[in-house]
Amino acid sequence: MWRSPVKADANDVVHRISTEGADSLLLGGVNDVNLLELQRALGIRASLRGETLTLGGTLEQIERATPVVQGLIDLARMGESIAPEDVYRIASEPGAAMPATNGDGRIVLPGMRKAIVAKTAGQKDYLAAITAHDVVIGIGPAGTGKTYLAVAKAVEALARKRVKRIILARPAVEAGESLGFLPGDLQAKVDPYLRPLYDALEDMMPSEKVQKALETRIIEIAPLAYMRGRTLSDAFIILDEAQNATGAQMKMFLTRLGVNSRVVVTGDKTQVDLPKREDSGLIQVERILPGIEGISFCYLQDTDVVRHRLVRDIIRAYAEDQVG
């Protein structure tokens, strides 16, 4: 959490920055060597106490030092080793500490206590595809991080002001249950299907910011049917559980794409809840869209499962049963 600079006197400014989630030893260095280099390179005073790094100096010095310090904090949150030479490099080259998610599979979000890191080679390739393409279709079994990583990239794009809003959609298809028997109005009926998207968001943003973004429609979570008739520009759009979208719904969704927007479609071909599996829009686009420039298909495997180890074994057992 950032706090506004507070003036100590006419010429001196004190600025306190939260280091929550950052390893203090990595950030400050042994015997505070990194803080000493920060002071030498930028001519400021710097002290680290608990989860607060305090800077002191002129307003001009503080304004120059603030992005440098934030970059160092982000590196410490990712668990990166920081040496005085790194402090000097970052102080000399603004932006040198910015995480390269397409290269190392890491995402650091403002206010996050930890970095979101690709845990497998497949996940790393998935993040790289999202960075490089306007439309990405991620296909793989449950537990491979398809939705979670896509939401992380959406939140990152919003935080970096690359888009103006996030739109998360899911088909409201019954998974062995009937919507009609659920209590409440339409929103109450579809909320259980959208809950995984809320959960992913709340894991990446403070709850009060999530609520405010939902109220101001900077972030929108809705059933897929609500997308009809809209043009979605300056947005990061995610369609989750796409295996349960019909071919007509998938076409409707993909043709909503507007200027400066990105789309990520995620799904698992083994969990189609439609009456006829061949009606799945995910299976249809896999057949007709490969080869179009700007569209990338990314396949995650059971080796990319990051839930309990038994999930991987369960997925393999079901796959073997279908083959047999």
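Contact here means heavy atoms within 4.5 Å.

**View 1. The whole chain of this predicted model.** Let's start with the overall picture. Among contacts between residues at least 6 apart in sequence, 67% join residues at least 24 apart. The secondary structure comes to 12 helices and 12 strands. The chain has 324 residues, and 46% of them count as buried. As for the surface, the chain exposes about 16700 Å², with carbon and sulfur atoms supplying 51% of that.

**View 2. Helix 10 packed on helix 11.** Two packed helices are described by the angle between their axes and the distance between the axes. Here, helix 10 (residues 247–254) meets helix 11 (residues 281–288) at an angle of about 65 degrees, and the axes sit 8 Å apart. Angles from 65 to 115 degrees count as roughly perpendicular, so that is the label this pair of helices gets. The crossing of helix 10 past helix 11 is right-handed. Helix 10 puts Gly247, Met250 and Leu254 into the contact, while helix 11 brings Gly281, Leu282, Gln284 and Val285. Sort the residues of this contact by type and you get 4 nonpolar, 3 polar and no charged.

**View 3. Asp240 and its surroundings.** Look for Asp240 in the loop that links strand 10 (235–239) to helix 10. Is Asp240 buried or exposed? Its relative accessibility is 2%, and the cut-off for buried is under 20%, so Asp240 counts as buried. Setting aside neighbours within four places in sequence, Asp240 is in contact with Thr147, Ala169, Arg170, Pro171, Leu197 and Thr266. Lys146 is 94 residues away along the chain, yet its C-alpha atom and that of Asp240 are separated by 8.7 Å.

Notes
Residues numbered from 1 in each chain as written. Predicted model: local features only at pLDDT ≥ 70, side-chain atom pairs only at ≥ 80, totals over all residues. Heavy atoms only, no water. Axes fitted to C-alpha atoms, helices over the stretch in contact; angles between N-to-C directions. Helix = DSSP H or I, 4+ residues; strand = E, 2+ residues; numbered from the N terminus. Parallel < 35°, antiparallel > 145°, perpendicular 65-115°, else oblique. Left-handed = near helix turned anticlockwise from the far one by under 90°. Nonpolar A, V, L, I, M, F, W, Y, C, P; charged D, E, K, R; others polar. Buried < 20%, exposed > 50% of the residue type's maximum accessible area, 1.4 Å probe, protein only. Areas by Shrake-Rupley, 256 points an atom, 1.4 Å probe, with all protein chains shown as cover.
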